[in-house]
Amino acid sequence: MAAFKQLVRFFQNGKTYYGDLVDSSNGKFTVQRLDGNPFDKLIPTNEQYTVDSLLSPIERTPLIICIGLNYKQHAEEAKLPVSSHPPVFTKPADALAGPSEVIQIHPDAQSHLDYEGELTVVIGNDALNVSEEDALDYVLGYTAGNDVSARNFQLPGASGGQFCYAKSFDQFGPIGHTIVSAAQIKDPQALQLRTRVNGVVKQETSTGDMIWGVRQIISHLSRGMTLRRATVIMTGTPSGVGFFRKEFLKDGDIVEVEIEGVATVRNQVEFQ
């Protein structure tokens, strides 16, 4: 049994701690402090704090792995055929960002800046050659993520069809606000996802529309390739991205990605 239900990180008295989220109903976060870390051992304490904001729920990641074209409606929107295996690309460790950070946008990434709301999985133990049946045993928990994208670097003429660079700028992978323990989520394919831009819903669907579910993704990625603990997997975005709406993010826009009952990231973009 995990030592937490809703894992968070927070700053208090000049130090950073892990904690279990107790309450957030009053606009602040009441947190029970946990000693240790989620990949070795967490030990509950009797100390509680109330804080105004939360950090990324994990301190660092070895890699962010992203799945492309993983919702049926998104594939239809993009008018692209579904491949036999999930399209895979990565973001570097420095793309990781917290749930309320202001994301600084390099001038060359501003013209076609886009959002992609995604159910995000955090791996709890090293995984290699994992079966679909056992795949969820390697999940620390689930959170919300935004696969921020500079589409001008993703277009075939600029990228040769490769997605990685367009999505690899610093802070282009915010997650949080909490990681809900895998034990609390009976079925990751039965969650509701919403993305809002400045309060307006742009994406809304069930994770049941995913072409490859979480079990299949983990099994596929771990085939001959070790998924190290703390690896972050962004499982794909549904229809409604800005590119197909011809609506790109502007300076000061606020993007909020919610996995209902799980987590919410809310980040403002700031053009440098």
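In this predicted model, serine 222 is found in the loop that runs between helix α3 (214-221) and strand β16 (232-234). Serine 222 has a relative accessible area of 0%, so it counts as buried. If its neighbours within four places in sequence are left aside, the residues in contact with serine 222 are Ala127, Leu128, Asn129, Val130 and Leu227.

The domain assignment divides the protein chain into domain 1 (6-55) and domain 2 (64-271). In UniProt, an unreviewed entry lists residues 64-269 under the name "domain: Fumarylacetoacetase-like C-terminal".

How do the two domains meet? Their centres, taken over C-alpha atoms, are separated by 25 Å, and the contact takes 11 residues from domain 1 and 13 residues from domain 2. The size of an interface is often given as the accessible area lost when the parts come together. Between domain 1 and domain 2 the buried area is about 900 Å², and carbon and sulfur atoms give 57% of that area. On the side of domain 1, Gln6, Leu7 and Phe39 supply 58% of the area buried against domain 2, which is more than any other three residues supply.

Polar and charged groups also take part. Across the interface of domain 1 and domain 2 there is one salt bridge, and there are four residue pairs in polar contact. Strand β1 (residues 6-12) gives the largest share of the side of domain 1 that touches domain 2, namely three residues.

Terms used
Residues numbered from 1 in each chain as written. Predicted model: local features only at pLDDT ≥ 70, side-chain atom pairs only at ≥ 80, totals over all residues. Heavy atoms only, no water. Helix = DSSP H or I, 4+ residues; strand = E, 2+ residues; numbered from the N terminus. Buried < 20%, exposed > 50% of the residue type's maximum accessible area, 1.4 Å probe, protein only. Contact = heavy atoms within 4.5 Å. UniProt positions renumbered as here; feature names shortened; annotations may be inferred. Domains from an automatic or database assignment. Buried area = accessible area lost by both parts, 1.4 Å probe. Salt bridge = Lys/Arg side-chain N within 4 Å of Asp/Glu carboxyl O. Polar contact = N/O pair within 3.5 Å; in protein donor to acceptor, adjacent residues only side chain to side chain.
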